[in-house]
Structure formats: C-alpha cells, structure tokens
Amino acid sequence: MTAAPNDPTVILEGVGKSYGGRPVVSALSYTLPPGQVVALVGHNGAGKTTQIKMMLGLTRADAGRISVLGADPGHGRAARAQLGYLPESVQFHLSFTGRETLGFYARLKGLPARGHDALFARVGLLDAADRPVRGYSKGMRQRLGLAQALLGAPRLLLLDEPTSGLDPALRRELYGIVADLARQGATVLLSSHALTELEGHAERVIVINQGRKIADGSLAELRRLAGLPSRLRFRASDGGLRRIDLAEAEKVTALRALLDTGAREITLEDPSLDDIYAHFLRSEAA
Ligand SMILES: Nc1ncnc2c1ncn2[C@@H]1O[C@H](COP(=O)(O)OP(=O)(O)OP(=O)(O)O)[C@@H](O)[C@H]1O
C-alpha cells in the first residue's frame with residue numbers, strides 16, 4: 001500500500017516498547033502530517049531515539065501500530081527510499097572522501113552514486129567534497145551526515161538531536177534547510193533536549209517523559225496550556241524594588257494600575273520555554 005499525498009506521513013497508535021521488561025515507550029499515539037516540522041522533546045532516556053528507530057524499522061514495537069509513508073516500518077522499498085535519517089552520532093569511514101561517502105549512501109538508497117554536487121553545495125561542503133573525511137571538523141562531519149540524510153529528496157526526515165555540538169551558524173543553516181524541505185512538503189521530525197532553541201523552528205512540539213506523551217502543540221499552545229505567570233519587576237514610589245507574578249489575564253490592568261502609582265524601572269518577563277518545559281515535567285510527576 002502507498003500513501004496518498006495528504007495522508008499522514010507517520011501514524012503511531014498505542015505504541016509500546018520494553019527492553020528487558022522495562023517499558024521505554026508506553027501507549028504512544030500521534031500522527032505527523034506532510035509539510036510539518038515537529039520536535040520530539042525530552043530528557044536523556046525519555047525514549048526519543050527508540051521512537052525514531054521504530055519508525056525506521058530498526059527495532060519493532062511490542063504493542064500498537066506504526067505506519068510510515070503508508071507501509072509497515074522497515075518494509076516496502078518505496079517507503080525506505082523516501083526516508084532520510086541522521087543518527088545521533090554520525091560515524092563515517094575516515095579514509096573515504098566526502099564524495100565517496102555520499103556515493104556509498106546513495107547506492108544503499110538505490111540512487112546514482114555520482115552527481116550530488118548540488119547537495120554538497122547545499123550543506124556547504126562542495127570545496128571539501130574530494131578530501132578524506134579524516135580531515136573534516138566535527139561540524140563538517142555533521143554537514144556530511146545531513147547531506148546523506150537529504151539524499152533523494154526524502155518525504156520523511158528523521159533527525160536525532162541534529163543540533164547537538166553545532167555552532168550557532170551551522171545550527172541556523174540546518175534549521176533553514178529543514179524549513180525549505182518542509183515547504184516542499186516533507187515531514188521533518190527532530191529530537192531535542194531543549195525547548196529553547198526550537199522557537200521559530202518547530203511548528204509543533206511533542207514533549208515526552210519516560211516514554212509517554214505529556215504535551216503536544218505549538219509553542220504558543222504549550223505556553224497557554226501551561227498558564228504560567230509573567231513576572232513584573234519595578235521600583236516602587238518609596239524607592240524599593242518589588243516583584244509580582246501575574247496571570248495572562250491580569251497583565252494589562254496591573255500595568256495600568258502600577259503606572260498610576262508612580263512606579264519606575266518596570267520590566268515584564270514572560271515565562272521562558274525552559275520554565276514551560278519544567279512545568280509539564282512537574283505536572284506529570286505530580
Ligand atoms: N537496545 C537497548 N537495550 C536496552 N535498553 C535500551 C536499548 N535502547 C534504549 N534503551 C533504553 O531505553 C531508554 C530510552 O532510550 P532512548 O535512546 O530512546 O532515549 P532518548 O530519549 O533518545 O535519550 P537521549 O536523549 O539520551 O538520546 C533508555 O533508558 C535506554 O537506556
């Protein structure tokens with residue numbers, strides 16, 4: 001069976017997975033539509049890589065159903081050819097050049113081994129394509145890893161912590177490439193430890209704790225759901241510094257009232273994404 005263009009790219013229904021009798025993914029359900037950039041966010045060991053590996057068919061779910069590009073994960077040549085995967089730590093044969101490396105991965109995907117200059121250029125490696133990987137910096141190896149994941153214009157891109165260890169410039173470039181792919185209709189799932197760096201880059205965030213989904217929505221929706229107060233700081237008319245926590249609905253009235261009292265040096269701080277993330281983890285533990 002193949003998927004129609006608007007069908008979800010990935011469907012997880014009640015998925016469970018245990019290792020040695022210990023559940024690492026439990027009763028997990030979500031769908032990923034075409035053209036969406038989704039971040040899977042959770043602490044170390046939350047089960048993010050396990051989910052990606054199940055989507056790739058590298059490990060099997062013990063319970064529930066997974067469909068990837070209209071097929072069972074790991075089955076269907078057509079589905080596999082439309083999938084790109086960047087593992088958490090990329091290992092390459094060091095004596096191969098970048099070009100030989102990409103040629104090797106292209107053949108695995110059933111694509112021509114040569115003719116990938118546009119891809120090298122896209123990840124900023126064209127000048128280094130004929131040098132052995134041994135001489136590549138960590139950032140260059142990440143770029144090569146990304147290039148192999150992008151081979152064949154995948155409809156589903158699975159990126160396992162793609163920004164860890166990247167400098168800010170390369171991180172921005174990676175998010176730029178991800179946004180371009182999503183605009184062209186690809187589904188991008190990336191895992192991350194941190195909500196903070198996802199602002200403006202992921203339309204949707206799925207927060208995972210101990211293998212369970214504890215929140216799912218845009219960052220704006222997560223902010224609203226968390227309902228955390230904003231922090232108002234000011235110097236009161238008596239010269240003392242004060243701090244008040246305000247709910248969203250109270251902000252405007254409180255600010256107006258404060259200005260009438262002659263307060264100065266007023267700052268209003270919204271809850272950070274880290275605060276929101278901690279809130280969801282806390283409410284799960286409660
Ligand atoms: N092959 C395996 N055998 C036994 N336990 C495993 C195996 N793979 C993963 N686990 C365990 O499953 C849990 C989830 O691991 P997973 O790698 O999916 O987490 P993660 O959210 O990707 O973490 P990280 O952010 O550290 O990469 C961890 O406790 C891990 O030790």
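At what angle do helix α7 and helix α9 pack? The angle is about 60°, and the axes of α7 (residues 219–226) and α9 (residues 273–285) are 10 Å apart. Axes here are lines fitted to C-alpha atoms, for helices over the stretch in contact, and angles run from 0 to 180 degrees between N-to-C directions. The helix α7 is therefore oblique to α9. Angles under 35 degrees count as roughly parallel, over 145 as roughly antiparallel, 65 to 115 as roughly perpendicular and the rest as oblique.

The structure is a predicted model, in which local features need pLDDT of at least 70, side-chain atom pairs count only at pLDDT 80 or more, and totals for chains, interfaces and linings use all residues. Residues are numbered from 1 along each chain as its sequence is written.

The chain holds nine helices and twelve strands. Both are DSSP runs, numbered from the N terminus: helices are H or I with at least four residues, and strands are E with at least two. Along the principal axes, the C-alpha atoms fill a box of roughly 75 × 45 × 35 Å. Of the 286 residues, 31% count as buried. A residue is buried if 20 or more other C-beta atoms lie within 10 Å of its own, exposed if 12 or fewer, and partly exposed in between, with C-beta atoms placed from the backbone. Contacts were also sorted by separation in sequence. Among those between residues at least 6 apart, 69% join residues at least 24 apart. Two residues are in contact if their C-beta atoms, placed from the backbone, lie within 7 Å.

Two helix pairs were examined. Two packed helices are described by the angle between their axes and the distance between the axes. The crossing of α7 and α9 is left-handed. A crossing is left-handed if the near helix is turned anticlockwise from the far one by less than a right angle, and right-handed if clockwise. On the α7 side, the contact is made by Leu219, Leu222, Arg223 and Ala226. On the α9 side, Leu273, Ile276, His279 and Phe280 take part. These residues divide into six nonpolar, one polar and one charged. Ala, Val, Leu, Ile, Met, Phe, Trp, Tyr, Cys and Pro count as nonpolar, Asp, Glu, Lys and Arg as charged, and the others, Gly among them, as polar.

In the second pair, helix α3 (residues 98–108) packs with helix α5 (residues 138–150) at an angle of about 30°. The axes of α3 and α5 are 9 Å apart. The two helices are therefore roughly parallel to each other. Their crossing is right-handed. Gly98, Thr101, Leu102 and Tyr105 of α3 make the contact with Leu144, Ala147 and Gln148 of α5. By class, the contact has four nonpolar, three polar and no charged residues.

Ala147 also belongs to the largest nonpolar core, which has 58 residues. Such a core is a set of buried Ala, Val, Leu, Ile, Met, Phe, Trp, Tyr and Cys residues joined through C-beta atoms within 7 Å. Ala39, Val41, Ala147, Leu156, Leu157, Val188 and Val205 touch the most other members. Leu156 touches Thr9, Val10, Val68, Leu69, Gln82, Leu83, Ala186 and Thr187, not counting residues up to four places away in sequence. With the same exclusion, Val123 touches Arg143, Leu146 and Ala147. Val123 lies in the loop between α4 (117–122) and α5. Val123 is buried, with 23 other C-beta atoms within 10 Å.

Backbone angles were checked next. Most residues other than glycine have a negative phi, and most peptide bonds are trans. Leu69 is not a glycine, yet has a positive phi of about 50°. Leu69 lies in the loop between β4 (63–68) and α2 (77–81). Leu69 counts as buried because 25 C-beta neighbours are inside 10 Å. Glu265 also has a positive phi, near 50°. Glu265 is found in strand β12 (residues 264–269). Glu265 is exposed, with 9 other C-beta atoms within 10 Å.

Two further loop residues were placed. Asn44 sits in the loop between β3 (37–41) and α1 (48–56). Asn44 is exposed, with 6 other C-beta atoms within 10 Å. Asp270 lies in the loop between β12 and α9. Asp270 is partly exposed, with 14 other C-beta atoms within 10 Å. Asp270 and Leu232 are 38 residues apart in sequence and 8.8 Å apart in space, C-alpha to C-alpha.
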